Amino acid sequence: MARLTFKEELCKGCGLCVAACPKHILELSNTHLNQKGYAPVKLMKPEECIGCAACATMCPDCVITVER
Ligand code: SF4
Ligand code: SF4
């Protein structure tokens with residue numbers, strides 16, 4: 001299983017990674033905001049991640065790191 005890490009404070013909640021994920025397992029948080037006031041992305045079902053890194057490639061702010 002791939003391991004994803006998020007630099008949450010850099011996330012601006014744009015949702016590009018959410019749209020890019022072929023497994024539809026990323027969502028913007030509806031429970032908290034980061035220090036900049038944005039709803040950061042979170043991984044809903046880590047066990048379904050295929051490690052394709054589409055999310056990390058899409059993110060303009062280099063928030064996501066994928067380790068396989
Ligand atoms: S690595 Fe691929 S499957 Fe996993 S969260 Fe990112 S886009 Fe989705
Ligand atoms: S991780 Fe990147 S692409 Fe995804 S919502 Fe945050 S800033 Fe946008």
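Predicted model: local features only at pLDDT ≥ 70, side-chain atom pairs only at ≥ 80, totals over all residues.
Modeller: A definition to begin: the radius of gyration is taken over C-alpha atoms, and the globule rule is 2.2 Å times the number of residues to the power 0.38.

Biologist: OK. How does the radius of gyration of the protein chain sit against a compact globule?

Modeller: It agrees: for 68 residues a compact globule would be near 11 Å, and the protein chain has 11 Å. The C-alpha atoms fill a box of roughly 30 × 20 × 20 Å along the principal axes.

Biologist: What pattern does the protein chain follow along the sequence?

Modeller: β-α-β-β-α-β. That is two helices and four strands. Helices (H or I, at least four residues) and strands (E, at least two) are DSSP runs, numbered from the N terminus.

Biologist: Where is C55, and is it buried or exposed?

Modeller: C55 is in helix α2, residues 54-58. C55 counts as buried because it has 25 C-beta neighbours inside 10 Å. The cut-offs: buried means 20 or more other C-beta atoms within 10 Å of its own, exposed 12 or fewer, partly exposed in between, with C-beta atoms placed from the backbone.

Biologist: What does C55 touch?

Modeller: C17, A20, C21, L26 and I64, leaving out residues up to four places away in sequence. Contact means C-beta atoms, placed from the backbone, within 7 Å.

Biologist: And which residues make up the largest nonpolar core?

Modeller: It has 12 residues, among them C55, I64, L4, F6 and V63. A nonpolar core is a set of buried Ala, Val, Leu, Ile, Met, Phe, Trp, Tyr and Cys residues joined through C-beta atoms within 7 Å.

Biologist: Switching to ligands. Which residues come nearest to ligand 1?

Modeller: C21, C49, C52, A54 and C55, out of 16 around it. Near means a C-beta atom, placed from the backbone, within 6 Å.

Biologist: Last one. Why does Q35 count as exposed?

Modeller: Because Q35 has 8 C-beta neighbours inside 10 Å. Q35 is in the loop between β2 (26-28) and β3 (41-43). Its C-alpha atom is 14 Å from that of V63, 28 residues apart along the chain.

How values were computed:
Residues numbered from 1 in each chain as written. Chains lettered and ligands numbered in written order. Contact = placed C-beta atoms within 7 Å.
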